[in-house]
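Let's go through some labels and ask what stands behind each of them. Have the model open beside you as we go.

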Amino acid sequence: MLHSITQLLPSNPYVVVLALDFSKAFDTVRHATLLQKVAQLDLPDPVYNWLANFFSESSHCVRYGGEVSTILDINASVIQGSALGPVSYVVNAGDLTTVTVTPNNQMHKYADDTYILVPASNIHSRKTEVDHVADWPQTNNLILNREKSVEIVFMGKRKHLDCNPAELPGISRVTVITILGVTVNNHLSVSGHVTGIINKYTQTLYALKVLRSQGMSADSLAVIFKSVWLAKILYASPAWWGFANSSDKDRLEAFLRRCARLQLYRQCDPTVNQLVEDMEEKLFTSVINNKKYVLCNMVSVP
């Protein structure tokens, strides 16, 4: 999505991103509607039959104070924390798209997170796009929650006088947004994301100090730091590292050096920049070696 925004900005003074929220999205997926959409996929019959069986003949009741409620059938909802839940929601939302008369608009979806990108040249279509999305849930047992939906106006480095389009009724405008765990402001800066990482994990280093005081070995502490803290610091770094300035990167390197002084990370281990470069190399290799990779269309492979 960040790639799409930066691709649109050179030819537009700004790009509006609408972050849309559906109320209890996973809990309200109607099984009958879902199975109708699954039936349209190129799946073996045994797979479809297994899914149909999985979503059928389930019921629930409530026990409180020694009393048990009437048993009712479950005809909607998918389990969000399961392997099948997000996939089921993706299939259910597969027919949710932008309005066809506005070809320059883009929709990006990840499970129940839905974003619409509207360049300045198409700013008149925002209301149409939102109304279109609001109509889709009516036949899919969902509700668009406008109060939790927001919009943000991304601007390039050049200042423009016309970078302040009128706000949409019922949808708040923000200057900072968190996209799948990555915080970005309306100037495509991730400094707030880096600050949040450092502040959060500076506080939680206390937990590792407690473990050390209780006799945990240095090797075990290093394993925990790498698998938990370091993994979270590097989360989605190939997506946002290019938007980090030199000050952001220096602060992350300083944080890692501090962890090395606390003997949670070895001095000879890779720097943050080296770790991100390794992740980017692995990602690029995965993309060029897999024609079905979701990012494959963004890379020209000879």
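Patches are made of residues with over 30% relative accessible area and no salt bridge, with like charges joined within 9 Å and nonpolar side chains (Val, Leu, Ile, Met, Phe, Trp, Tyr) joined within 5 Å. Lys and Arg count as positive and Asp and Glu as negative, while His and the chain ends are not counted. The place of a charge is NZ of Lys, CZ of Arg, CG of Asp or CD of Glu. This is a predicted model, where local features need pLDDT of at least 70 and side-chain atom pairs pLDDT 80 or more, while totals for chains, interfaces and linings use all residues. Residues are numbered from 1 along each chain as its sequence is written, and side-chain values use heavy atoms, without hydrogens and water.

Q: Which residues gather in a patch of negative charge on the surface?
A: Glu277, Asp278, Glu280 and Glu281 do. Glu281 lies in helix H10, residues 272-289; helices here are DSSP runs of H or I with at least four residues, strands are E runs of at least two, and both are numbered from the N terminus.

Q: What makes up the positive surface patch?
A: Lys209, Arg212, Arg257, Arg258 and Arg261 form it. Helices H6 (191-213) and H9 (246-261) each supply at least two of its residues, and H9 gives the largest share, three residues.

Q: Why is Phe225 called buried?
A: The relative accessible area of Phe225 is 0%, so Phe225 counts as buried. Phe225 is found in helix H7, residues 218-233.

Q: How do you know that Lys37 forms a salt bridge with Asp95?
A: A salt bridge is a side-chain nitrogen of Lys or Arg within 4 Å of a carboxyl oxygen of Asp or Glu. For Lys37 and Asp95 the closest N and O atoms are 3.2 Å apart. Lys37 lies in helix H2 and Asp95 in the loop between helix H4 (84-92) and strand E6 (106-110), so the pair ties together parts 58 residues apart in sequence. Lys37 is buried at 12%, whereas Asp95 is partly exposed at 44%.

Q: What makes Asp269 a salt-bridge partner of Lys226?
A: Their closest N and O atoms are 3.4 Å apart. The pair links distant parts of the chain, with Asp269 in the loop between H9 and H10 and Lys226 in helix H7, 43 residues apart. Asp269 also forms a salt bridge with Arg266, at 3.0 Å between the closest N and O atoms. With 53% relative accessible area, Arg266 is exposed, while Asp269 is buried at 10%.

Q: Why is the pair of Phe54 and Phe55 called edge-to-face?
A: Rings of Phe, Tyr and Trp (its six-membered ring) pair if their centres lie within 6.5 Å; planes under 30 degrees apart count as stacked, over 60 as edge-to-face and the rest as tilted. By this rule there are six aromatic pairs. The ring centres of Phe54 and Phe55 are 5.2 Å apart and the planes stand at 85 degrees, so the pair is edge-to-face. Ring pairs link Trp50, Phe54 and Phe55 into a cluster.

Methods
Accessible areas come from the Shrake-Rupley method with a 1.4 Å probe; for residues, only the protein chains shown count as cover. Buried means under 20% relative accessible area, exposed over 50%, partly exposed in between (1.4 Å probe, protein chains only).
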